[in-house]
Amino acid sequence: MFKRNFKYSWIILVILLALISPLQAQEIKYGKCLYVVDGDTVDVDFNGNGRIEKHSERVRVLGIDCFETRWGKRLERQAEWAGISVEKARELGLKAKEYGKNVLLGKDVKVEVYGRGGYGRILGYVYVDGKDYGAELLKMGLAKVYRKNKKHPKYREYLGLEHPN
């Protein structure tokens with residue numbers, strides 16, 4: 001009887017630990033940023049080929065959400081959620097993209113990969129010159145914490161960095 005209960009207790013403990021422990025980086029990748037799609041999405045060449053087509057991978061910066069740069073329903077929802085005008089939201093989205101171009105484009109970056117998300121993009125934290133790019137966007141008020149995924153390792157840290165617009 002004791003062995004049987006112990007066996008089930010062990011399984012339950014392992015499951016609980018898996019559920020409460022933060023995500024672990026699957027791998028660390030190094031590459032060069034070739035293109036800035038918007039504030040929270042970039043194309044990175046991990047193979048050293050220097051070309052976007054077929055040789056780079058799209059990376060979605062984990063833990064943040066930048067405003068859209070194009071007009072549309074998503075931008076309207078983001079603006080409503082943030083309590084700002086659509087024009088202000090788009091302006092912040094364009095500023096985030098411009099900041100990404102200035103800071104990342106053509107630079108060597110480190111990506112802590114945590115998996116793949118929608119559209120097959122890599123999900124990860126992006127670092128340039130030793131700085132956390134997502135954290136910098138939050139401090140500047142150019143991004144919001146992505147609240148749909150509270151399990152990413154920097155969720156609480158990012159909440160403390162979020163700039164009130």
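When I speak of helices and strands today, I mean DSSP runs, a helix being H or I over at least four residues and a strand being E over at least two, both numbered from the N terminus. By that definition the protein chain has five helices and eight strands, and read along the sequence they follow the pattern α-β-β-β-β-α-α-β-β-β-α-β-α.

Please keep in mind that this is a predicted model, in which local features need pLDDT of at least 70 and side-chain atom pairs count only at pLDDT 80 or more, while totals for chains, interfaces and linings use all residues. Residues are numbered from 1 along each chain as its sequence is written, and side-chain values use heavy atoms, with hydrogens and water left out.

Let me begin with the chain as a whole. Of its 165 residues, 41% count as buried, where buried means under 20% relative accessible area, exposed means over 50%, and partly exposed lies in between, with a 1.4 Å probe and protein chains only. Taking contact to mean heavy atoms within 4.5 Å, 52% of the contacts between residues at least 6 apart in sequence join residues at least 24 apart.

Next, the interior. In soluble globular proteins, nonpolar side chains tend to be buried together. A nonpolar core here is a set of buried Ala, Val, Leu, Ile, Met, Phe, Trp, Tyr and Cys residues joined through side-chain atoms within 4.5 Å. The largest such core has 38 residues, of which V59, I64, L104, V109, V111, V126 and L137 touch the most other members, and helix α3 gives the most to this core, with six residues. Setting aside residues up to four places away in sequence, V111 touches several others, including F46, V59, I122 and V126.

Now to helix α2, residues 73-82, whose buried residues are L75, Q78 and A79. Seen down the helix axis, these fall within an arc of 95°, taken from the directions from the axis to the C-beta atoms, so they line one face of α2. On the other side, K73, R77, E80 and W81 are exposed. The cover over the buried residues of α2 includes β4 (64-65) and α3 (86-104). After α2 comes G83, with a positive phi near 75°.

Finally, where does A135 sit? A135 is found in helix α4, residues 133-140, and at 5% relative accessibility it counts as buried. Beyond its neighbours within four places in sequence, A135 is in contact with Y158 and L161. The C-alpha atoms of A135 and G160, 25 residues apart along the chain, are separated by 9.9 Å.
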